Amino acid sequence: MNINNGSDRMDLTERQRKILMMLREKSLLSGDEIAQNLNVTKSALRTDFSILTRLKLITAKQNKGYIYNKCTIKRVRDCMSPQNSISVKTSVYDAIIHLFNFDLGTLIVVENEKLVGIISRKDLLKAALNGKNIERIPVSMIMTRMPNIVHCFEDDNIMEAIEKLIKHEIDSLPVLRKEKGKLSLVGRFTKTNVTKLFYQELKNKSI
């Protein structure tokens, strides 16, 4: 199994994979129990425990043992995509070009690096079929504005963000950061991010 966790990248050894399998099957195992199951001494596993803990695949419980981390990614900031936004002055025509060039489902609109609007493919389609010159119509004329923009914060639990996507039947959320009383746009949380999380969880279970 290949692990890529920020700056840490390595292949797990066969013994480390066995440790993960044991911890997935049991809610909690002590170091002695794991060592006994592997027919090695506890001290021989010190490096394995250190690596798995550093990669956040397991957690050490003081004086109790180790548990398997079912999901190592818990916050939106850990899996969000980089922000991809357009200016509030962008024309509807250029917005359509931008959307297809970057294969986006939703466009985030900013002004002075601040989130001011959001535009769906349906919004752009309606504008294009309206018969007006979309090269001269700014996106500010068709975008959804605050406070009607469904969004999340980088510190939100990923389950909360996923629930918003499902509840509002949308494909992405602008991700905001609260800092000194101000809100800044820092990324996007999308259905693709959710799919990657689901895939990684299935992959972990197949270790």
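Okay, let's start with Glu154: this one is buried, at a relative accessible area of 12%, where buried means under 20%, exposed over 50%, and partly exposed in between, using a 1.4 Å probe and protein chains only.

Quick caveats. This is a predicted model, so local features need pLDDT of at least 70, side-chain atom pairs count only at pLDDT 80 or more, and totals for chains, interfaces and linings use all residues. Residues are numbered from 1 along each chain as its sequence is written, and side-chain values use heavy atoms, with hydrogens and water left out. Mean pLDDT (the predictor's confidence in each residue, from 0 to 100) is 88, and 91% of residues reach 70 or more. Over residues 2–9, though, pLDDT is below 50.

Back to Glu154: what does it form a salt bridge with? That's Arg177, with the closest N and O atoms 2.7 Å apart. By salt bridge I mean a side-chain nitrogen of Lys or Arg within 4 Å of a carboxyl oxygen of Asp or Glu. Arg177 sits in strand E10, residues 172–179, and Glu154 in the loop between E9 and H6, 23 residues apart. Helices (H or I, at least four residues) and strands (E, at least two) are DSSP runs, numbered from the N terminus. Arg177 is partly exposed, at 31%.

Next, Asp155 pairs with Arg77 at 2.1 Å, N to O. Asp155 is in the loop between E9 and H6 and Arg77 in the loop between E4 and E5, so the pair ties together parts 78 residues apart in sequence.

Last one: Arg17 and Glu14 meet at 2.6 Å, both in helix H1, three residues apart. In the whole structure, the search finds five salt bridges.

Definitions and conventions. Contact means heavy atoms within 4.5 Å.
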